[in-house]
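Here's a quick tour of the side-chain contacts in this one. Have the model open and follow along.

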Amino acid sequence: MNSVKRIIRAGSVIALLLLIDGSMRVLGYKRTARLLLRCAPTPPADRADLTRALQVARTVHRGAAITHANCLRRSLALWWLLRWYRLPSQIQIGFNQDAGHAWVEHHNFVINDRSNIADNYRIRYGADLTPERVAKIV
């Protein structure tokens, strides 16, 4: 029964990643963020469950491997799913000389990448480019 639940969850994550990808292509980041915010509850800021957050991150990672979702789409999917688990999280977006990257933190703990990933990106937009902030831009 556990493996059946895992398959169902993985299928749901794949569908979510594909929906986010399509929305990002058609609507862009701002409108996708606004849509995702409307479709998920706001978690209490003080709730912490690192074990659950890491489990959800692993499920998203498996789905992203199948769909070849990029870091921003993976991070949006994880952030949205964590809202449904009533777990607060924040998308971090960083840039260096060569590239940009997105990852998710739960109470300042990186849950979908290496723990020191921020060291590789000098310019970071934690609060400025979060879905919550971007969705409010007119």
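Which residues does leucine 76 touch, not counting residues up to four places away in sequence? They are Ile20, Met24, Tyr29, Leu36, Ile91 and Pro131, with contact taken as heavy atoms within 4.5 Å.

## Ground rules

This is a predicted model, so local features need pLDDT of at least 70 and side-chain atom pairs count only at pLDDT 80 or more, while totals for chains, interfaces and linings use all residues. Residues are numbered from 1 along each chain as its sequence is written, and side-chain values use heavy atoms, with hydrogens and water left out.

## The nonpolar cores

Leu76 is also, along with Leu78 and Leu82, one of the residues with the most contacts inside the largest nonpolar core, which has 30 residues. A core here is a set of buried Ala, Val, Leu, Ile, Met, Phe, Trp, Tyr and Cys residues joined through side-chain atoms within 4.5 Å. Buried means under 20% relative accessible area, exposed means over 50%, and partly exposed is in between (1.4 Å probe, protein chains only).

Helices (H or I, at least four residues) and strands (E, at least two) are DSSP runs, numbered from the N terminus. There is also a second, separate core of five residues, among them Val110, Ile117, Ala118 and Tyr121.

## Salt bridges

The structure has three salt bridges, each being a side-chain nitrogen of Lys or Arg within 4 Å of a carboxyl oxygen of Asp or Glu. Asp21, Arg25 and Arg73 are linked in a network of them. Start with arginine 25 and aspartate 21, whose side chains meet at 2.9 Å, N to O. Both sit in helix α1 (residues 2–38), four residues apart, or about one turn of the helix. Arginine 25 counts as exposed because its relative accessibility is 65%.

Aspartate 21 also meets arginine 73, at 2.6 Å, N to O. Arginine 73 belongs to helix α3 (residues 71–84) and aspartate 21 to helix α1, so this pair ties together parts that are 52 residues apart in sequence. Aspartate 21 and arginine 73 are both buried.

Then there's glutamate 132 with arginine 83, a salt bridge of 3.2 Å, N to O. This one links distant parts of the chain, with glutamate 132 in helix α4 (residues 131–136) and arginine 83 in helix α3, 49 residues apart. Glutamate 132 is partly exposed at 26% relative accessible area, whereas arginine 83, at 6%, is buried.

## Aromatic pairs

Searching the whole structure turns up two aromatic pairs. Rings of Phe, Tyr and Trp (its six-membered ring) pair if their centres lie within 6.5 Å; planes under 30 degrees apart are stacked, over 60 edge-to-face, and the rest tilted. Tryptophan 80 and tryptophan 84 make an edge-to-face pair, 6.0 Å centre to centre with 70° between the planes. Both are in helix α3, four residues apart. Tryptophan 80 is buried at 16% relative accessible area, while tryptophan 84 is partly exposed at 45%.

The rings of tryptophan 103 and tyrosine 121 have centres 6.0 Å apart and planes at 35°, so that pair is tilted. Here tryptophan 103 comes from strand β2 (residues 100–106) and tyrosine 121 from the loop between β3 (109–110) and β4 (123–124), 18 residues apart. Tryptophan 103 and tyrosine 121 are both buried.
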